[in-house]
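Let's walk through this model together, starting with the fold and ending at the pocket. Keep the viewer open as you read.

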Amino acid sequence: MKSFRLATMLAAGLLLAPGHPFAQELSGPQVVRTLGRLQGGAPAIDLALLMEEAAASAGKGVAALPDWQKLSKLSQLIVEIDFENDSIAIEPKSYRTVGMIADALHHPNLRRYKFLVVGHTSSTGDAKHNLDLSQKRANAITEALSTTFAIAPDRLFAIGGGEEWLVDPSNPQAADNRRVQLVNLGLVK
């Protein structure tokens with residue numbers, strides 16, 4: 001019985017894992033279920049402090065910092081959104097994914113929550129450049145969600161994690177690290 005539960009949990013984890021062939025094929029209901037799982041109230045997150053810590057830690061990582069650890073405890077989803085190389089231009093094939101995210105954020109179960117969009121990069125290139133690029137990409141996603149897909153801008157916040165908060169720390173240069181992460185920050189006040 002334990003091995004069946006473990007296999008089921010592992011399969012569910014792989015479905016949401018970056019680099020999995022089905023990661024781009026997540027459905028709207030899966031996004032709603034994943035982002036809607038809140039264990040009690042969300043801790044207060046100071047975005048300005050997170051940005052300062054990321055800038056001060058360029059090339060060193062932020063995963064061990066207490067404020068960044070708070071994020072890892074929140075309901076979140078990592079999605080593959082492709083950008084043109086070294087650019088903030090969202091690849092046309094990724095607009096379907098951005099649209100699916102928008103549909104989920106319009107769902108009644110998520111409409112009352114605010115979300116953090118975290119941009120990630122791999123460790124290829126200069127750490128400061130990667131941090132700036134990831135912030136610009138997170139901004140591009142929030143801009144697309146709020147303008148093209150009419151998500152209220154007061155529900156969206158953007159931050160670049162660059163290579164400082166890797167999706168796959170065991171392989172820092174992997175393409176899997178070039179992702180966008182959505183984190184449920186709790187109720188809109």
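## Ground rules

This is a predicted model, so local features need pLDDT of at least 70, side-chain atom pairs count only at pLDDT 80 or more, and totals for chains, interfaces and linings use all residues. Residues are numbered from 1 along each chain as its sequence is written, and side-chain values use heavy atoms, with hydrogens and water left out.

## Overall fold

The chain has six helices and four strands, taken as DSSP runs (H or I of at least four residues for helices, E of at least two for strands) and numbered from the N terminus. Going along the sequence, you get the pattern α-α-α-α-β-α-β-α-β-β.

Out of 189 residues, 43% count as buried (under 20% relative accessible area, with exposed meaning over 50% and partly exposed in between; 1.4 Å probe, protein chains only). The accessible surface of the chain is about 9,800 Å², and carbon and sulfur atoms hold 57% of that; areas come from the Shrake-Rupley method with a 1.4 Å probe, and for residues only the protein chains shown count as cover. As for contacts (heavy atoms within 4.5 Å), 77% of those with a separation of 6 or more in the chain join residues 24 or more positions apart.

## Helix H5

H5 runs over residues 95-106. The expected span here is 1.5 Å times one less than the number of residues.

Which residues of H5 are buried? They are Thr97, Val98, Gly99, Met100, Ile101, Ala102, Ala104 and Leu105. Their cover includes helices H2 (28-35) and H6 (127-148), along with strands E1 (76-79), E2 (113-120), E3 (156-162) and E4 (180-187).

## Nonpolar cores

A nonpolar core is a set of buried Ala, Val, Leu, Ile, Met, Phe, Trp, Tyr and Cys residues joined through side-chain atoms within 4.5 Å. The largest one has 28 residues, and Leu35, Val79, Ile81, Leu105, Leu110, Ile141 and Leu145 touch the most other members. At least two residues each come from H2, E1, H5, E2, H6, E3 and E4, and H5 gives the most, with six.

Leu35 has contacts with Ser75, Gln76, Leu77, Leu105, Leu110, Phe115, Leu182 and Asn184, leaving aside residues up to four places away in sequence. There's also a second, separate core of 14 residues, with Leu71, Leu116, Leu131 and Ile159 among them.

## The largest pocket

The largest pocket holds about 350 Å³ of space. Of its 21 lining residues, Asn85, Asp86, Leu133, Arg137 and Arg178 lie nearest the centre. E2 and H6 each supply at least two lining residues, and H6 gives the most, with four.

For the method: on a 1 Å grid over the protein atoms alone, a pocket is an open set of points where a 1.4 Å probe fits, with protein on both sides within 12 Å along at least five of seven lines, and lining residues have an atom within 4 Å of a point. Grid points are joined across faces, edges and corners, and the volume is the space filled by probe spheres set on the points.

## Two loop residues

Thr121 sits in the loop between E2 and H6. Is Thr121 buried or exposed? At 3% relative accessibility, Thr121 counts as buried. Setting aside residues up to four places away in sequence, Thr121 touches Asn130, Ser134, Gly162, Glu163, Leu166, Asn177 and Arg178.

Ile88 is in the loop between E1 and H5 and is partly exposed, with a relative accessible area of 42%. Ile88 and Arg137 are 49 residues apart in sequence, but their C-alpha atoms are 5.1 Å apart in space. Beyond residues up to four places away in sequence, Ile88 touches Phe83, Leu133, Lys136, Arg137 and Ala140.
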